[in-house]
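Open your viewer and get ready to select a few residues at a time. Each stop below tells you what to pick next and what you will find there.

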Amino acid sequence: MLQAISDYWPHLLVVLSIVLGTPAAIHAAMTKEEVRAAIGWVGVILLSPILGAVIYYAIGVNRVRRKTLTRRAGAITKKGRHDYMARYDVPDEAVHARYGGALAAMKQLGDNVGRFPLTSGNRIDVLETGDGAYAAMLAAIGAARRSILLETYIFDRDGMGLRFAEALAAAAARGVEVHVLIDAVGARYSTPSIVHILKQAGVSAAVFNGNIIMGLRLPYANLRTHRKILVVDGRTAFTGGLNIRAGFAREFSGALCAKDTHFRITGPIVGDTFHIAYEDWRFSGGAALDGEAWQIEPPAAAPDTELLARVVPSGPDRSLETNQRTLMGAISIAKSQIRIMSPYFLPERELISALATAARRGVRIDIVVPGTNNLKLVDLAMTAQFDQLLKAGCRIWRSGGTFNHSKLTVVDGVWTYIGSSNLDPRSLRLNFEIDIEVFDTTFAAGIETRIGQALECAEAVELAALRARPFFRRLIERIVWLGSPYL
């Protein structure tokens, strides 16, 4: 056997390259929506036999097919939503009457590209600090009577993570049904993982798209859940940008703690938020959550009251690029002002063109990014494309103070977009994300105030100064920028 391998290894390599490369090249040609991406991957596969196919299977597959699971998850949503929920759906004419034709067009866009309706009767409380958000989440866990479903990207095994683990274990011990889902990549941010501690404490815990011990699940290793969702008793939910980490709590990190913005929500969007987390739980092998403990409670507010909001899930499945399409629509209808706050601002060409076009037709655009970034490579890559926006008239600001992880967008003081999505290729194409679009002037004013606070201690990025920096520095940024789709 060894002699045969020794004699025929070149032939075996040729066969292996054909067996691996042919389906990989066909898959790339049939599934990539951008011709440049398709050509690039087919070229890699053909010019690097075997290795190119392996690389493609590891990071090139960017779609998850889980239609069966989605349909199965839809059944519980229909049971849990009940007929009374339809009373909270907002008709087109109501948006037009309150906000005009531009926002009515945004409502129609969301109806066409999204999966959930725009609803009334919602309330969203802004949790402005990590300490405040963690305290509110722990209080909700401590008061839970029936059920807790938690999905997060990072759940560190540190002081804050252990506190959450203790609270979740206590809830499970008193009879609450508790399930926790952590991304397979995010679970590795701490060693050993918090997953083992949760399981030992009697909490039902799983990882998304991988296994802690044996490794990631190919060919979807590059696809992650970046969602942060906590649903308690089908009544209250939390979502936003906040992972579970001591680094975002002043209690543990002092004045050096990072900043973020998280949200507590009630109303019809709680059921839609639960639906998303449930889909991910089932996709990861979790049991069906269809008992009495998992029923969604009726909203406390009456229909046609409180703010209008829609949950916007996106990810490399049937919701691919929903977040980008939503943002593109909002930019296109902007009349006076767009304010964006993002820790990782690496928009692709389509989004850059939309912002540049809006700026050239007179919309005032302010983009706030961290002055100090926790991901050096991302900071280099996003700096490499600042000039494309600055020369079009957009204004870019680097905020002072510690790292700010908030993801906030406000258009014309009425339309707000909040959640987990960064404005980078990973969030817009590869990650599973959850965002909320809100139609409400009061809520928008609050978010604008939060962005304004960051602007007070921010420094403007000037085009002349950007171009005057040493050539070697700018070259390094452009080289790193080439790898931005996978940072």
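A salt bridge here is a side-chain nitrogen of Lys or Arg within 4 Å of a carboxyl oxygen of Asp or Glu. With that in hand, select Asp92, Lys107, Asp111, Arg310 and Glu437: these residues are linked in a network of salt bridges. The whole structure has 21 salt bridges, and we will call on several of them. Keep in mind throughout that this is a predicted model.

**The whole chain**

Zoom out and show the cartoon. You are looking at 19 helices and 17 strands. Of the 487 residues in the chain, 57% are buried. Take the contacts between residues at least 6 apart in sequence: 81% of them join residues at least 24 apart. Switch to a surface view and you have about 20,300 Å² of accessible surface, 59% of which belongs to carbon and sulfur atoms.

Now color by confidence. The average pLDDT is 88, and 87% of the residues score at least 70. Select residues 68-81, where the pLDDT is below 50; this stretch still has 24 contacts in the model beyond near neighbours in sequence. Where pLDDT is low, the predicted coordinates should not be read in detail.

**Into the core**

Hide the surface and select Phe155, Leu168, Val180, Leu198, Phe345 and Trp415. They have the most contacts inside the largest nonpolar core, which holds 89 residues. Apart from that core lies another, of 44 residues; Leu181, Trp281, Ile451 and Ala458 are among them.

Return to Phe155 and show what surrounds this side chain. Beyond its neighbours within four places in sequence, Phe155 contacts residues including Leu150, Phe164, Leu168, Val180, Ile182, Leu198 and Ile244.

**Two salt-bridge stops**

Which residue does the side chain of glutamate 279 meet in a salt bridge? Select arginine 115 to see the partner, at 2.4 Å from N to O. The two come from distant parts of the chain, 164 residues apart: glutamate 279 sits in helix α11 (residues 269-283), and arginine 115 in the loop between α6 (101-113) and β1 (119-127). Glutamate 279 is buried, with a relative accessible area of 2%, whereas arginine 115 is partly exposed at 22%.

Next, center on glutamate 321. Its side chain meets arginine 325 in a salt bridge at 4.0 Å, N to O, and it also forms one with arginine 429, where the closest N and O atoms are 2.7 Å apart. Glutamate 321 lies in the loop between β10 (307-314) and α12 (322-333) and arginine 429 in helix α16 (residues 425-430), so this pair ties together parts 108 residues apart in sequence.

Is glutamate 321 buried or exposed? The cut-off for buried is under 20% relative accessible area, and glutamate 321 has 9%, so this residue counts as buried. Arginine 429 is buried too, at 17%, while arginine 325 is partly exposed at 40%.

Stay on glutamate 321 and look at the backbone: phi is near 65 degrees, a positive value in a residue other than glycine.

**Backbone details**

Most residues other than glycine have a negative phi, and most peptide bonds are trans. For another positive phi, select glutamate 306, where the value is near 60 degrees. Glutamate 306 is in the loop between α11 and β10 and is partly exposed, with a relative accessible area of 46%.

Then go to threonine 191 and proline 192. A cis peptide bond joins them, with omega at about -5 degrees. Proline 192 belongs to the loop between β3 (177-183) and α9 (194-200).

Select glutamine 324 in helix α12. This residue is buried at 7% relative accessible area, and, leaving aside neighbours within four places in sequence, is in contact with Glu348, Glu350 and Leu428.

Move to threonine 383 in helix α14 (residues 376-383). Threonine 383 is likewise buried, at 7%, and touches Arg398, Leu466, Arg469 and Glu477, not counting residues up to four places away.

**Last stop: a surface patch**

Bring the surface back and select Phe471, Phe472, Leu475, Ile476 and Ile479, which make a nonpolar surface patch of about 500 Å². Ile476 is in helix α19 (residues 471-482) and counts as partly exposed at 30% relative accessibility.

Methods: Residues numbered from 1 in each chain as written. Predicted model: local features only at pLDDT ≥ 70, side-chain atom pairs only at ≥ 80, totals over all residues. Heavy atoms only, no water. Core = buried A, V, L, I, M, F, W, Y, C linked by side-chain atoms within 4.5 Å. Buried < 20%, exposed > 50% of the residue type's maximum accessible area, 1.4 Å probe, protein only. Contact = heavy atoms within 4.5 Å. pLDDT = per-residue confidence, 0-100. Helix = DSSP H or I, 4+ residues; strand = E, 2+ residues; numbered from the N terminus. Areas by Shrake-Rupley, 256 points an atom, 1.4 Å probe, with all protein chains shown as cover. Patch = residues over 30% accessible without salt bridge, like charges linked within 9 Å, V, L, I, M, F, W, Y side chains within 5 Å.
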